[in-house]
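Colleague: Hey, can you walk me through this one? I'd like to follow along on the screen.

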Amino acid sequence: MTKSSIATKLSVMALLAASAVLTAQQPATPAAAPQQPTSVELRLTGEPGSPPRLAVPDLLALSPDRETQDAARTISEVLFADLDFEREFSLIPRDTYKSIPVAGSIDAVPFDRWRELGADGVVIGTVQKTPAGIRVEMRLYNVRARQSAYGREYTGSAANPRVYAHTMADELHDSQRQLRGVARTKLTFISDRNREAVVATVEKRDVKEVFIADYDGVNQRRITINRTMNLYPNWSPDGRSIVYTSYRSGVPDLLISNIYAGTMESPTKGVGQNWLPVFSPDGSRIAFTSSRDGNSELYVINRDGSNLVRLTNNPSIDSTPTWSPTGTQIAFTSDRRGQPQIFVVNTDGTGLRQISFESYADRPTWSPAPYNEIAFAARTGPGFDIKILAIGSGETRQITFGEGSNESPAWAPNGRHMAFMSTRAGRSQIFTVDRDGRNMRQITKDGNNTTPNWSQ
Amino acid sequence: MNRRAHSLMVMVVLLSVVVGACSKKTPPVARPMPPPMPTATAPPPPPPPPNPVAEPVPVPPMPVEDTIGSKSLDDLNRDSPLKPLFFALDSSEVDADGQVTLQANAAVLKQFPTWQITIEGHCDERGTAEYNLALGERRALAARTYLVSLGIPADKVKTVSYGKEFPFDAGHDEAAWTKNRRAHFVITAK
C-alpha cells in the first residue's frame, strides 16, 4: 500500500466520522481483517491487457419493507455506474444476469454461473433494516479463486442509499486498482434555474446562484440565496467551504460559504473589486483577480484576509489564476502580448513565461498529479473548445471539437475527468468528460448552468 | 435665406417709394436724391422679427429639466438620457462615435451635478466568461476615464463589470453581439 492510499483511507474515515452519515466497520469475518496482504493477494485481474470484467447484481434485501428493497436496488445501480465511470473495470450489463440467483452468503454464490458469464469478479451484498436506518454489507468475490477479495460493512441512515454505493466504489477502486475514485466528490456550479429577478435593476436579469451536486449530477442543491449574481465557485480542499464571486454588495467581491456550518466569510473585507477566487492546494490561501490598484491584476491572500501579496503589475489584463498541485506556481490568463494567452508565474512573482500560443486562450486549470497538464478554453472558430496542454512536452491536444461552445474546464481530483460548460445542448449546461475526450455526460438540464468546479 | 428675404424687402420698399414718387407728378429733376433715405427708413420693419425669435430660446430647457428632475430613478433608467457606448470585438477603445456619445452624456451630467452613476461594462458571448469579466471592467473604466476628462467629477462615476452574464440581446448573431459589447449607464442617485 502506498502512503497516499493510506492517507486517502484516513481522510475517508475522517469524512465519514464528520458527516455522521455512515459508519464503516471491518466485517466480522476474518477475510478482510488483515486487509493489506489479503487485497494484494486476491486482487482481481482480467485477461492480459484488458480490465477485469465485473458483475454487479442487485443487493439482496434482507428486510421485506419497501425502503430496504429500494435501497438494495439503488445501491447496486449506483455502484455499477460509479465503477463504470472510472473505466478501470469492464462492467457486464446488468440485464444479462437477471436470471442468476442473488446469493445471501459466500456458500450460496453460484461461481460456475458467474464464470460462464465471463466475470472475473462479482459484487454481492445485502441490505438489512436496523432501528437507526440500514446495514449494508458488500463483498467483491474473485470468481476464479472463489474467494472474497474485499468486503465492507456499513451502517447508517437510509435517507441517501447512494452514499453507500459511492463509498464502496471508492474503496474498490482504491483496493483493487490503486486508484483514487471520485464517487464521493461533488460539483459546484452557477445556475439561473430559479428564474428570480435581480433586485434594483430596470433590465430583466435572472439571479445566478451557487449550486452543488454529486459528481454524477444527482442531488442538485442551491447554496446561496442572495438574489444577485454569483460566479466562479471553487471548493476548499476539505470540501466544506466554497469561495465564489458575489455581486451581493453591488460589485464583485469574494465570499466564502461554509456550506455545512451555514456561515460566511469575507476574506477581502470589501476592499476593491475582486473576482475569480481559487483556494490553494492546502486551503490556507486564495488566489484571485482584483482591480483594487487600477486594473485587473493577480493577488494572493490568506483565507483570513491577512498577508495580501500582489503577483502581477502591468497595464494589461491579468486574470483567472489556477494553482499548481504543489502550490508553488500559478497559471493565469493575460493579454499583455495581444490576445489573451496562458502564462505561468512562481508564487513569489518570479519565473514568468507564456505557455499557450492560441488565437485566444483562457481559464487555465492545472491538473492534479500524476498528470502535469493544464486544461483551458481556446477559441477555435465562432466558439471555444477545451484543450489540454502537457507542460513537460509543450504538446497540446483537443478534447471537444466545435460542438457548441465549450468553456471553463475544471479537473476532477484524480485528474482523469473534467467538468466544463457547453452550449452543445442549447443553453449553457455542465458536462463531464474524461481526459481522453471519451465518456461525455450531461450533468445539468435546468436553466443555464456555468463555471463548474470539482471538489477534492 | 435671411439675406435674400432682407434684400427682397428692400427692393419692395424702394419700388413703392418710386411708385409713390411717380404718382406725385412733380418735377423729376430734384427728386432722385431721396432714394438713399428710404434705405435708412426701411430697417424699422426688420427689427420686429428679432424680438419673437429671442423669446422662445430660453423656454425649451425649463420643461426638459422639470420632466427629468421629477422622474423616479427607475423611470429615468428605463428611458435614460445617458446613452450606451458600444465597442468593437475584444476592444475597450472609445472610438469617435463613442466620444460623441460620452460628450452628450457629459453634457447631461453637467446639467444634473448631483447625479451618481454606475457604468456597467458588458461583453458579447464570443469571449470567455472569465476574461470577459476583466474586459467589461476595462470598458467601463475607459468610459469613466473619458467622462472624467470632460470634467465630470470622478467620485460621481462608479464602474462594475458583468462580463457576458447579462446580455441586452439574447441572440447569437452580429446584430445581437453589437448591442451586447457596451458600456451601459445607470443612474443610482439624484
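Colleague: How do strand 9 and strand 10 of chain A pair, parallel or antiparallel?

Modeller: Strand 9 of chain A, residues 209-214, pairs with strand 10 of chain A in the antiparallel sense, over two bridges. Keep in mind that this is a predicted model. If you want one pair to look for, A:Phe211 has A:Arg222 in strand 10 of chain A as its bridge partner.

Colleague: And what holds paired strands together in general?

Modeller: Strands of a sheet pair through backbone hydrogen bonds, parallel or antiparallel.

Colleague: What's the strand order in that sheet of chain A?

Modeller: The order is 10-9-8-31, an open sheet of four strands with antiparallel pairing. Strand 10 (221-222) and strand 31 (449-454) of chain A stand at the edges with a single partner strand each, so one side of each has no neighbour in the sheet.

Colleague: What about A:Thr451, where does that sit?

Modeller: A:Thr451 is in strand 31 of chain A. Its phi is near 40 degrees, which is a positive value in a residue other than glycine.

Colleague: Buried or exposed, that A:Thr451?

Modeller: A:Thr451 is buried, because 28 other C-beta atoms lie within 10 Å, and the cut-off for buried is 20 or more.

Colleague: Which loop holds A:Asn307?

Modeller: A:Asn307 is in the loop between strand 17 (297-302) and strand 18 (309-310) of chain A. A:Asn307 isn't a glycine, but has a positive phi of about 55 degrees. With 10 C-beta neighbours inside 10 Å, A:Asn307 counts as exposed.

Colleague: Now the peptide bond from A:Ala369 to A:Pro370: cis or trans?

Modeller: That bond from A:Ala369 to A:Pro370 is cis, with omega near 10 degrees. You'll find A:Pro370 in the loop between strand 23 (361-366) and strand 24 (373-379) of chain A.

Colleague: Let's switch to chain B. How many bridges join strand 2 and strand 3 there?

Modeller: Six bridges join strand 2 (residues 116-122) of chain B to strand 3 of chain B, and the two run parallel. As an example, B:Gly121 stands opposite B:Ser161 in strand 3 of chain B. To get from strand 2 to strand 3 of chain B, the chain passes through helix 7 of chain B, and this β-α-β crossover is right-handed.

Colleague: How many residues of strand 3 of chain B are buried?

Modeller: Five of the seven residues of strand 3 (residues 157-163) of chain B are buried, so that strand is largely enclosed by the rest of the structure.

Colleague: OK, helix 6 of chain B. Which of its residues are buried?

Modeller: They are B:Gly98, B:Thr101, B:Leu102, B:Asn105 and B:Leu109. These cover an arc of only 95 degrees around the axis, which puts them on the same side of helix 6 of chain B. They pack against strand 1 (85-86), helix 7 and strand 4 (182-189) of chain B.

Colleague: And what's on the face turned away from the buried side of helix 6 of chain B?

Modeller: That face of helix 6 of chain B carries exposed residues: B:Ala96, B:Val100, B:Gln103, B:Ala107 and B:Lys110.

Definitions and conventions: Residues numbered from 1 in each chain as written. Chains lettered and ligands numbered in written order. Predicted model: local features only at pLDDT ≥ 70, side-chain atom pairs only at ≥ 80, totals over all residues. Pairing = 2+ DSSP bridges. Buried ≥ 20, exposed ≤ 12 C-beta atoms within 10 Å, placed from the backbone. Right-handed = clockwise from strand over helix to strand, strands pointing away. Arc of directions from axis to C-beta. Contact = placed C-beta atoms within 7 Å.
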